[in-house]
Amino acid sequence: MSFSRIVIHIGLHKTATRFLQRAVFRQLDDEQFLVNPEPLFHDLRQAVRHPRDPDWAAAAKRAAEKVRQEAGGRTLVLSDPSISGDMYSSHVDYQANLDLVSHLFPDARILYFVRRQSDWLQSAYRQSLVKGKGIPIERFLNFYDGDFRARVGRRVYGARTIEAMTLRFLEIYRAYAECFGAESVYLFRQEDLRRSPDAVYARLAEALGIDVLPPAPARVSGNRAFSALAIHLFFRGVRSAPAAPPASAADTPADGSLPRLLSLGRQLRTNLIRHGFDRIVYRDWDLLESHGMRDRIESHYEREWARLTAVADELLQNGPGDHVLAHAAERESATGNEVSSDRRMGGR
């Protein structure tokens, strides 16, 4: 017996994913829903994190076939933001992952959350500090000498970086809507989880095939980012604006894990901030205010964000369908984010 339906939550990262997994998906009735079953969840996660590895794709296919046979008429729910692509490479691999997911589950419903690009970039920076080196936000965003630049490599001086001007949020929605059908793709803004939670929950229940979502726990542990004050105090390398790196600064970490003492030290620092300092003194400020970075980012994405907002608003009011896709159907150039050599460099 197969699934009654399939619902796949593809992220994005940093759009309340952990909250949705804990407060919504984990609360679903086990007799009606099969949520992130193993080994399918593991094999699919590895396949989308290594989109050019045919062995992981084959493993995910075998696991999908096995769990389909054991579904017992339940609804399959898969939730992994890695499906949307590598967050630190502007989701350049989203199409390869879309091809895999649509091959494994062609009849799925898709849940997709976005967030204002400037806020998402700042949150991505804070996330990069959890296990990575302490670098200034300017280096993370490749902002040098008053301008956002293409990065010289996936990592610079051993730290992750991202290209601020090559995000693909609208492009990903359109690709999924055109592949699965607009009636099967639900796009939400993270901001609406705060402003209009009941409307979002109603549409989530609709996608899952139930009347209402089960009650959420009284308390859901979150994934709160490091405060700006903690970043300033605990990461010495963030306090000065960096110079543009030479091409030779690009590097790939050696195979294997970090040296044990370094890894333990970073974990200790994370625990100290999350469970100690930030619980006592959580002082925050906008890290993008310096150099006018926020204004530059929001100006660049102004039209695209307006279009994403129109899509999300239309979906909340009237449900998914071609009428929603129409809000995102104009040429990419109309959003002010032309596909150019600068965008293609986001995949490096």
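Helix H4 passes helix H7 in a right-handed crossing. Keep in mind as you look around that this is a predicted model.

**How H4 and H7 pack**
- Two packed helices are described by the angle between their axes and the distance between the axes.
- For H4 and H7 (residues 169–180), the axes come within 11 Å and cross at roughly 25 degrees.
- Because angles under 35 degrees count as roughly parallel, H4 is roughly parallel to H7.
- On the H4 side, the residues that meet H7 are Tyr 94, Gln 95, Asn 97, Leu 98, Val 101 and Ser 102.
- Their partners in H7 are Glu 171, Ile 172, Ala 175, Tyr 176, Cys 179 and Phe 180.
- Sorted by class, this contact has eight nonpolar, three polar and one charged residues.

**How H2 is enclosed**
- Helix H2 spans residues 40–49, and seven of its ten residues are buried, so the rest of the structure largely encloses it.
- Those buried residues are Leu 40, Phe 41, Asp 43, Leu 44, Gln 46, Ala 47 and Val 48.

- Across the protein chain the mean pLDDT is 90, with 92% of residues reaching 70 or more.
- Residues 331–348 have pLDDT below 50, and this stretch has 38 contacts in the model beyond near neighbours in sequence.

Notes:
Residues are numbered from 1 along each chain as its sequence is written. This is a predicted model: local features need pLDDT of at least 70, side-chain atom pairs count only at pLDDT 80 or more; totals for chains, interfaces and linings use all residues. Side-chain values use heavy atoms; hydrogens and water are left out. Buried means under 20% relative accessible area, exposed over 50%, partly exposed in between (1.4 Å probe, protein chains only). Helices (H or I, at least four residues) and strands (E, at least two) are DSSP runs, numbered from the N terminus. pLDDT is the predictor's confidence in each residue, from 0 to 100. Contact means heavy atoms within 4.5 Å. Axes are lines fitted to C-alpha atoms, for helices over the stretch in contact, and angles run from 0 to 180 degrees between N-to-C directions. Angles under 35 degrees count as roughly parallel, over 145 as roughly antiparallel, 65 to 115 as roughly perpendicular and the rest as oblique. A crossing is left-handed if the near helix is turned anticlockwise from the far one by less than a right angle, and right-handed if clockwise. Ala, Val, Leu, Ile, Met, Phe, Trp, Tyr, Cys and Pro count as nonpolar, Asp, Glu, Lys and Arg as charged, and the others, Gly among them, as polar.
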